[in-house]
Amino acid sequence: MTIVKQMSLFDIHELLKMESSRRFDAILATFDVQPIFQLFRKKTMRGAPRECNYGAMIQSLIIRIVERIPTVKDLVNRLTVDFVFRLDCGFLVSDTVPSEASYSRMVDAISQSDVLDRMHDELIQTAFTEGFLEEEHLGFDATHFEARDAAKPSEKKEIAPKKRGRKSKEERAAWLAEQAEIEANQTTYEKKLEVQITIPLMTLWQEIPIEPKWGIKKNSDGKNTFWYGFKGHLAVSTKSQYIVARLMSSGNLSDSKAAIPLLKKVNHIMPNHFTTAIFDAGYDYEAIYRQIWIHEMKPVIPYVKRREGEMVGFDEHFRPTCVREHSYCYDSFDEKYQTLKFTRPKECATCPLREDSLCQKVFKIKCETDLRKYTYPARGSVVWKAIYKERTAVERVNAYLKQFFQLNNVRHRTGRKAKLHFNLVTFIYNACKLAVDRMNVF
């Protein structure tokens, strides 16, 4: 009888159950804290020496997320009473335990830099170099998390009654001028989605709104749910489940507005590596398809009808239909000409109109005819449905971030520091994932 060697079942759950010192060493070995430590180095030899061990403080902030310590106050107490834990964090025996104020100043300094973004990109490159990020698909989605403070009550604005009837030429000209001025003063994320295609990645990354706002979303029962806080937008590899790119925004930003920045970020980190981008129906916009097309990727996005009538001669998946309204079968895709090929339906074998001039044997449709309707894999095909199921990887990662990495536990009152919390949580998740993959290899 043949013996089949099973794959290792060691995963993040097993990592979190390991002995503390071994777990911390495995996670901290996946990256270098020097880029963060450089923020606190003295520029000159003059002045009083630094009293805090910033290297150990940075490691303790990371370990706080892994150990699920809710607040910095609890972290300070743990460092005070647990001598072994203090050594595991990297503190020396002669070091004093830092105060909450010291941690607060350190968090403020880190939040003003982009050091975590650079470290995150380097970590993804390391995972790719070591062979843990193979050619695979990318799943995109957003998750919400609440702010530390409650929303402030807004002032009620008096709405002037609208004048009924048609506007005069002078009133219409004034209204058009007002609308043009409003559009000219719009920020990057207030403009139409198509504008983002030509905007550089750095501009999109820096100008995204991050202050807490009211967000709204329909739950599984079709009812509206509200929260005051933020959204985390993720691009996750569906097989290895690494967070390749992530972006935090205000809670009121549409999910679709973060799709193009994430696509550009993924292409910047790993150009031409991923083959397919998987989104849910909320991202069904022409501009997103166009950006995917620019990066030579394949979109898998459910189609949403928007005041569209029935297409005569086509079914619900935009496949051609014969005279008797039988759908043609998807046959193949021509990479060179970017063309979908459809062949006769099975019902044509016994159809009396088979030899009639109205019955066409083969249909070839270029994807550029309509990027939303004609995608590869073709809509309704077995391959399309199988790939779309892989989008559940993003939901799984969202659950990991909230249940094991304290994404919901925001302890800061500004969007800038909340963004640091989000970046730190996603960075630590990737570090844990890389540590697990290394252990499974060795």
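Visitor: How many residues of domain 1 are in contact with how many residues of domain 2?

Guide: Happy to walk you through it. Keep in mind that this is a predicted model. Here, 23 residues of domain 1 touch 23 residues of domain 2.

Visitor: What area do domain 1 and domain 2 bury between them?

Guide: The size of an interface is often expressed as the accessible area lost when the parts come together. In this case domain 1 and domain 2 bury about 1900 Å², with 70% of it on carbon and sulfur atoms. T30, I65 and R68 supply 30% of the area that domain 1 buries against domain 2, more than any other three residues.

Visitor: How many salt bridges and polar contacts cross the interface?

Guide: Two salt bridges are found across the interface of domain 1 and domain 2, along with six residue pairs in polar contact. Elsewhere on your list, look at R416 and D108: they form a salt bridge, and their closest N and O atoms are 3.3 Å apart.

Visitor: Which helices supply the side of domain 1 that touches domain 2?

Guide: α2 (20-28), α3 (34-37), α4 (54-66) and α7 (100-111) each supply at least two residues of that side. By class, the side of domain 1 that touches domain 2 has 14 nonpolar, five polar and four charged residues.

Terms used
Residues numbered from 1 in each chain as written. Predicted model: local features only at pLDDT ≥ 70, side-chain atom pairs only at ≥ 80, totals over all residues. Heavy atoms only, no water. Contact = heavy atoms within 4.5 Å. Buried area = accessible area lost by both parts, 1.4 Å probe. Salt bridge = Lys/Arg side-chain N within 4 Å of Asp/Glu carboxyl O. Polar contact = N/O pair within 3.5 Å; in protein donor to acceptor, adjacent residues only side chain to side chain. Helix = DSSP H or I, 4+ residues; strand = E, 2+ residues; numbered from the N terminus. Nonpolar A, V, L, I, M, F, W, Y, C, P; charged D, E, K, R; others polar.
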